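Please read them with the structure open.

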Amino acid sequence: MFLVKNGLVIDPANGINGIRDVLVRDGVIIEVSEHIEITPELEVIDAGEKIVTPGLIDMHVHLREPGLEAKETIASGTRAAAMGGFTSVACMPNTKPVIDSLILIEAVNGIARREGLVNVFPIGAITKGSQGGELAEIGDMVQGGAVAISDDGKPVGSAEIMRLALEYSKMFGIPVISHCEDTSLAHEGLMHLGAVATVLGLKGIPAAAEEIMLARDLILAEATGARLHVAHISTRGSVELIRNAKQRGVQVTCEVTPHHLSLTDKAVEGYDTATKVNPPLRPIEHVLALRQALNAGVIDVIATDHAPHAEEEKAVEFAAAPFGLVGLETAVPLVMELVRSGELNLERAVAALTLQPARILGLTGGSLTPGKAADLTIIDPNLELTLEASDLESKGKNSPFLGKKLQGFPVLTMVKGRIVMQDRKLMTE
Amino acid sequence: MWSRKHLLGIKELTVEEIQMILDSAVPMKDIIKRDIKKVPTLRGKSVINLFYEASTRTRTSFELAGKYLSADTVNIAVSTSSVVKGETLIDTGKTLDVMGADVVVIRHQASGAPELLSKHIKASVINAGDGFHEHPTQALLDLFTIREVKGSFAGLTVTILGDILHSRVARSNIWGLTKLGAKVRVAGPSTLLPMGLEEMGVEVYSRVEEALEGADVVNVLRIQLERQQKGLFPTIREYARLFGLNNERAKLAKTDALILHPGPMNRGVEISPELADGVQSRITEQVTNGVAVRMAILYLMTGGVADVPR
């Protein structure tokens, strides 16, 4: 039994934003109120001057297992999640093999049960092998626990297949998560098409590559009445397209990554391959539009697109390196930095990391409502650390923030009433 | 006093550093003209040419520059090296390091490869061209050639003509020329003019005639024929017609304008043969100057602090 005392509790689902005590018993939230008496059987956790939130949910991570275990495993990825304050992650199906059938969903669930430190929710593929051809057995996968479908990493090239996927997914009440990219425009591109790419001599990816595919998918979502969730939007134009679609009543939600909120394309100067991500880092006008859109609720979710790679894969020429960076262990301090500088609204940011992804994926978490599983995160907004590769629990060390001073780290992660991380140390028993 | 460890690009050089290289190249050019083209300055130093892209001119130029200064020079071409066995650039660099390389001259198709190498080895790295990023020694030899004739850069208008998008020569020239006070114009088909060029301090034209008006120097870039196949312009014929430097267009520049080309040329495409071989052309002189400038760079980067050898 735990009593989390005197924390600034932010629980958007219940409209709480103030100093509260939280009582946890038998893995369940019992009570959240202004004063709960300390009794001898309670283990008291002092959360004074700290922020207490529902357990954070990252609805877009790559755990790489099965098949790509040199990059990450479910064990290492969920350790990284626990360090980053995340109590739940939804993992993308672009593993080897691609998670496109019930038996593979069950395999991920099985490994996660045995080795996962936090809750793992698999996302199934839209098409078999994510090849963009035939629909995968979506109904089967949903029965096995898939919370969404996505061919993340590549777009569904055929508009007809995308239309069918949206139509078919309606039967199961799950969202189709779209990776929006026109591959003819993005072809061989390495970073955002603009002045920085010109100076660095790197082939550019225009903002239009994302926006054109997004426009198509919004039209298809509107036509089918299905639920579309757009992964990692990165441009001002995407924000406008989604704002307009929401105003028209299209059932669309979307996410943004902490790195697209924090970094511009200038971060690529010096050719650090950890800054090579897809979609690419964009100039400041896009970054500002993303921040405003998050505050305004046009963007629903903050998700990391945690994309670990083996060291040797990234220690190569910029053009030869794979896309992606690790995000689980830096998401909270990056968001907290933007809150501190006044760019992001704290309550919005917490909702984007808890309530919103829970709603979109139909998860029970995302709130501190009494009776629910005690998934909870405590953040110390003052804790400052210089990030070193050796600090990262993820197998992937491909972070552009290595060597940088960050502030506002999670100091406790509780999953179903069990503390899995406390004072920056994992509790793995 | 030279203190820079690597030469990765012109962008990060100071005006003083550029001048020091150009000044040091003057006596080097005299050495090339001697009967016995050899001084002992770099005896005991090793220079490795690590070329991941085919190159005759630049590689030979570096090799001779090293040899004229008595360095031991070794050429590694990608097709004959362990790279084809899958060795990474960093591992290759470390191998050369422990063999005692003092300077590694690298040519690579990936922008940023020299910078990556420089972060992992002890030897000095000289960028001999990386992707579309920079080709600093080409720009320095262009600057040297211009200075030889024009004396200085202030007030000069230099027009760079052609495929700017894929040109590391253009980028390095833009940085160098603007630092030294020249006005730079670039011109080419709009599909070969990259975004944000203006932010590099140049004037951008898609009408060649306007860009040539009153120019003191015209630097014509090589058009790679495979760009046409990727749809960046319709035909070689139309390119030559709209953007090729011919007699008529050349008359728009000043009568004493210099014509440069980094080579190898597509005669009759980006430049007409009569101009390439004409009185305004300094194209062959550029090649000689390339050796001199590379001698100066090797000399400075291997610790040449005393007077340039006579």
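1. Strands E5 (residues 157-161) and E8 (residues 217-220) of chain B run parallel and are joined by 4 bridges. Ile160(B) stands opposite Asn219(B) in E8(B). Strands here are DSSP E runs of at least two residues, helices are H or I runs of at least four, and both are numbered from the N terminus.

2. This is a predicted model: local features need pLDDT of at least 70, side-chain atom pairs need 80 or more, and totals for chains, interfaces and linings use all residues. Residues are numbered from 1 along each chain as written, chains are lettered from A and ligands numbered from 1 in the order written, and side-chain values use heavy atoms, without hydrogens and water.

3. The chain B sheet is open, with 5 strands in the order E7-E6-E5-E8-E9 and parallel pairing. Pairing requires at least two DSSP bridges between two strands. E7 (203-205) and E9 (258-260) are the edge strands of chain B.

4. Helix H5 (residues 136-150) of chain B lies across E8 and E9, at about 165° to E9(B). Axes are fitted to C-alpha atoms, for helices over the stretch in contact (heavy atoms within 4.5 Å). Angles run from 0 to 180 degrees between N-to-C directions.

5. Chain B gives 22 residues to the contact and chain A gives 16. Ser111(B), His133(B) and Met195(B) supply 30% of the area that chain B buries against chain A. Buried area is the accessible area (1.4 Å probe) lost on putting two parts together, summed over both.

6. The rule finds 1 salt bridge across the interface. Glu188(A) and Lys230(B) form a salt bridge at 3.7 Å, N to O. The cut-off is 4 Å, from a Lys or Arg side-chain nitrogen to an Asp or Glu carboxyl oxygen.
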